[in-house]
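Please read the following note beside the sequence and the structure.

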Amino acid sequence: MSGSRATRQLLRHRRASRHVTDGSVSRVFPTVREVLALDPVRHGAPRLVAGEVGLDRRVRWVHVAEVPDIATLLGGGELVLTTGIGLPGDDAGLRAFIGDLAGVGVSGLVVELGRRYHDGVPRVMVAAAERHGLPLVELRRATPFVRITEAVHALIVDAQLTELRATEEIHQRFTELSVEGADPGEVVRQAAELSGCPVVLENLSRQVLAYDPAGESAELLLDGWEQHSRRIRPEGRTAYDPDRGWLVTMVGARGQDWGRLLLRWPPGGDLADGQPLPAGGRSAPVSTPGRAVATLAGRGDSPSAPPTRLAILVERAASTLALGRLIRRDAEGLERQLHRTLLTALLDHSWPVDEVALRARALGVVLDRRQLIGVVVRHRADGGEDITRHRQPAGSWPLTEPGHPGEALDNVPDAGPARLRDLAEAAGQALREAGLTGLTSALDDQTVGVLLALPDAAAEDRALAAFAAALRRARPDLPGRADLRGRADLSGGGGDLPGRADPSGRVDSLGRLGAPGRSDDAPTDAGRRSIAGLLIAAGSGVGSLREARRSLIEARQVAEAARRDRRDLPIFRLPHVGLAGLLHLLRDEPRVQTFVERQLGALLAYDAQHPREQLLGTLRVYLEQGRNKSAAAVAAHLSRPAFYERLARIGRILDVDLDSVDACLSLHVALLALDAIRTP
């Protein structure tokens with residue numbers, strides 16, 4: 001059969017299974033087994049007489065040779081064709097000939113019978129080939145070698161072109177995703193579709209941010225993910241872990257990694273003879289003629305390693321994810337009010353401070369030589385449910401950097417923008433009612449920011465209390481815009497302070513509005529909901545506009561941490577959230593996650609390998625008991641010797657002295673940070 005016919009046969013087979021650009025994994029070099037299945041080879045009535053274990057070796061090229069010292073001219077991976085007329089006549093020479101071929105790494109030896117050997121190749125050749133695992137094939141019928149070389153070379157060249165086209169499609173597909181600003185769920189889905197393999201995006205704390213099981217069971221894929229992921233520890237930025245069967249690359253930009261992208265390519269990826277092609281097209285039945293084979297990523301011709309194209313795929317997907325995060329973090333709306341522009345300029349340093357002060361003064365807000373306080377107002381929950389950034393479904397984008405002006409969360413209910421506008425309007429109205437000046441606008445999809453400008457630091461507490469009271473008077477329960485139409489008369493009179501009567505009712509000490517004739521001790525249902533649903537946080541006061549960013553960021557972080565606090569405080573400040581709250585609001589920060597991994601990573605990896613021991617719990621009990629070993633042993637329900645032995649093992653694993661106060665302090669902070677990361 002001609003080479004062009006072999007190529008057409010290969011293309012028909014690919015289309016019948018699954019096209020490479022639709023998810024299958026093309027392979028650049030065929031195996032010896034697949035070459036033997038080609039029509040020109042089958043015409044010669046091939047028979048394998050030795051080296052069956054090497055049938056899956058890759059055939060890089062086909063070489064015709066009739067001299068015994070051909071091994072010095074080969075580079076490995078060739079399938080050697082010969083009639084045997086030039087081979088040595090003695091047994092020692094034949095053994096040396098086979099040994100030389102095996103030594104340079106040829107894929108196999110095909111001998112045509114009839115010219116030198118009539119009934120079969122010498123037994124000494126068979127024994128030597130079997131000993132070296134070198135496939136030795138007899139052609140019992142005369143066959144033009146040129147047809148074999150044409151068919152195999154055409155197959156290889158065509159497969160290489162197909163591989164190049166597939167690689168080009170990878171770059172084109174992910175370039176389009178970058179331009180379109182696709183969310184991470186879509187990027188992960190496309191990676192799974194192109195590879196036909198499960199793909200998982202996780203953060204540095206091994207929590208799943210997005211995934212696509214590629215038709216497999218999502219429950220099985222994600223079951224016990226953190227422990228499973230901690231066992232996947234390949235070397236290098238993009239590398240394959242053959243023991244766990246995952247191809248891994250880091251995700252990040254500007255020198256800061258924030259996650260990993262993992263693609264599952266199980267060890268022993270090739271299927272046994274006769275098994276059907278899976279949905280992802282990872283391998284083909286060995287008896288299938290003309291199936292192209294993949295170049296492997298740094299694993300020689302190991303059938304278990306992923307193709308190079310998959311390494312390219314995960315790296316392009318990781319680049320798209322990193323770029324998408326930067327775009328989402330930095331992009332702002334084209335039409336925004338000047339207040340938001342000024343606040344954003346302060347937060348991201350896009351304008352000089354003097355220019356911000358000048359533009360603010362033109363709006364009637366004097367920021368020079370003022371005591372400035374950053375305030376953030378938000379709901380504890382959005383759409384009636386808490387935002388849980390670590391438990392988002394696939395396709396979400398929970399990756400944010402606390403304190404960045406472009407921080408935004410997806411999956412906001414349809415009513416979210418209207419509620420946020422209402423909240424921003426209420427904050428502006430509260431400023432006016434309290435007789436205060438400042439900038440106010442939405443900072444992101446969840447929060448409203450206020451920068452109060454006070455004449456001196458002594459007025460700080462009084463101004464914050466007046467603002468909080470006026471805000472709760474203006475919008476007692478801050479419902480959606482439609483619900484406010486019937487409550488416009490509840491906005492109250494201008495300038496009323498907490499505790500003073502209001503024309504439409506009475507105001508209690510927290511600024512909650514009651515119906516006319518009701519006492520302060522009987523707030524309305526709306527008033528009760530306001531305390532539970534509205535959250536106001538303030539940063540530390542600063543004396544210059546250059547420090548205003550720090551106060552705004554602190555206020556946002558306090559607001560985020562206070563969402564876990566069930567206390568009904570009029571205003572939350574940094575002392576209210578404590579260390580646990582501080583770590584909670586920093587839980588998405590890669591540096592905090594890196595700190596946890598450095599302090600506890602070895603112990604978490606050990607627990608993942610030994611699930612019955614769980615030494616992390618032992619360490620937690622020890623630290624919670626103030627390093628009192630006797631009390632900790634009682635709390636852990638262990639004998640003292642057993643508990644002491646566990647502590648010694650923990651010290652060896654972490655390479656720390658558990659009697660050291662500084663070491664234990666670091667471990668305790670890391671445990672609190674780990675709890676914050678794992679808790680929504």
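**Note on the structure**

1. Strand E9 (246–253), strand E10 (256–264) and helix H19 (590–609) each contribute at least two residues to the lining of the second largest pocket. Helices (H or I, at least four residues) and strands (E, at least two) are DSSP runs, numbered from the N terminus. This is a predicted model, in which local features need pLDDT of at least 70 and side-chain atom pairs count only at pLDDT 80 or more, whereas totals for chains, interfaces and linings use all residues. Residues are numbered from 1 along each chain as its sequence is written, and side-chain values use heavy atoms, with hydrogens and water left out.

2. The volume of the second largest pocket is about 390 Å³. Its lining has 18 residues, of which Leu204, Arg206, Arg233, Arg260 and Glu597 are the closest to the centre. On a 1 Å grid over the protein atoms alone, a pocket is an open set of points where a 1.4 Å probe fits, with protein on both sides within 12 Å along at least five of seven lines; lining residues have an atom within 4 Å of a point. Grid points are joined across faces, edges and corners, and a volume is the space filled by probe spheres set on the points.

3. H19 supplies the largest share of this lining, 5 residues. By class, the lining of the second largest pocket has 7 nonpolar, 4 polar and 7 charged residues. Here Ala, Val, Leu, Ile, Met, Phe, Trp, Tyr, Cys and Pro count as nonpolar, Asp, Glu, Lys and Arg as charged, and the others, Gly among them, as polar.

4. The protein as a whole has 23 helices and 16 strands. Of its 680 residues, 53% are buried. Buried means under 20% relative accessible area, exposed over 50%, and partly exposed in between (1.4 Å probe, protein chains only).

5. Is valine 375 buried or exposed? Valine 375 counts as buried because its relative accessible area is 1%. This residue belongs to strand E11 (residues 371–379). Leaving aside neighbours within four places in sequence, valine 375 has contacts (heavy atoms within 4.5 Å) with residues including Val448, Leu464, Phe467, Ile536 and Leu552. Valine 375 and phenylalanine 572 are 197 residues apart in sequence, and their C-alpha atoms are 9.7 Å apart in space.

6. Glutamine 371 also lies in strand E11. Its relative accessibility is 13%, so glutamine 371 is buried. The glutamine 371 side chain makes a polar contact with the side chain of glutamate 460, at 3.5 Å. A polar contact is a pair of N or O atoms within 3.5 Å; within protein, one must be able to donate a hydrogen and the other to accept it, and residues adjacent in sequence count only if both atoms are side-chain atoms.

7. Arginine 244 is located in the loop between strand E8 (238–241) and E9. With a relative accessible area of 31%, arginine 244 is partly exposed. Arginine 244 and arginine 233 are 11 residues apart in sequence and 8.9 Å apart in space, C-alpha to C-alpha.

8. How many disulfides does the structure hold? The structure holds 0 disulfides, a disulfide being a pair of cysteine sulfur atoms within 2.5 Å. Cysteine 197 is buried, at 0% relative accessible area, and cysteine 664 is buried, at 4% relative accessibility.
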